[in-house]
Amino acid sequence: MAERKEKSDLDYPLFLYKQEASELTGVSVPWFKDNIAGCPGLPKVKIGTEIRYPRDPFVKWIEQNWELFK
């Protein structure tokens with residue numbers, strides 16, 4: 001079995017793509033899109049045509065709102 005390298009929050013870039021945000025939270029991209037991406041108050045910015053998630057505010061928001069996803 002392949003060994004999985006654990007990443008810390010700081011190993012991710014300051015602005016996360018959807019794939020990175022889903023990886024950081026440990027969920028699939030479809031689940032992220034359906035259950036997290038549209039939540040009110042979720043920190044996000046539009047950079048060009050892409051929606052990105054600022055890493056530190058995103059992590060803080062998840063820490064404060066994790067109970068929404070029980």
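Phe 32 is buried, with a relative accessible area of 0%; buried means under 20% relative accessible area and exposed over 50%, with partly exposed in between (1.4 Å probe, protein chains only). This is a predicted model, where local features need pLDDT of at least 70 and side-chain atom pairs count only at pLDDT 80 or more, while totals for chains, interfaces and linings use all residues. Residues are numbered from 1 along each chain as its sequence is written, and side-chain values use heavy atoms, leaving out hydrogens and water.

**Exercise 1.** Find out how the rings of Phe 32 and Tyr 53 are arranged.

*Solution.* 
1. Rings of Phe, Tyr and Trp (its six-membered ring) pair if their centres lie within 6.5 Å; planes under 30 degrees apart count as stacked, over 60 as edge-to-face and the rest as tilted.
2. The ring centres of Phe 32 and Tyr 53 are 5.4 Å apart and the planes stand at 90 degrees, so this pair is edge-to-face.
3. Tyr 53 is buried too, with a relative accessible area of 3%.
4. Tyr 53 also pairs with Phe 58: the centres are 5.8 Å apart and the planes at 55 degrees, a tilted pair.

**Exercise 2.** Work out which side of helix α3 (residues 55–65) holds its buried residues.

*Solution.* 
1. Helices (H or I, at least four residues) and strands (E, at least two) are DSSP runs, numbered from the N terminus.
2. List the buried residues of α3: Arg 55, Phe 58, Val 59, Trp 61 and Ile 62.
3. They cover an arc of only 160 degrees around the axis, so they lie on the same side of α3; the arc is that of the directions from the helix axis to the C-beta atoms.
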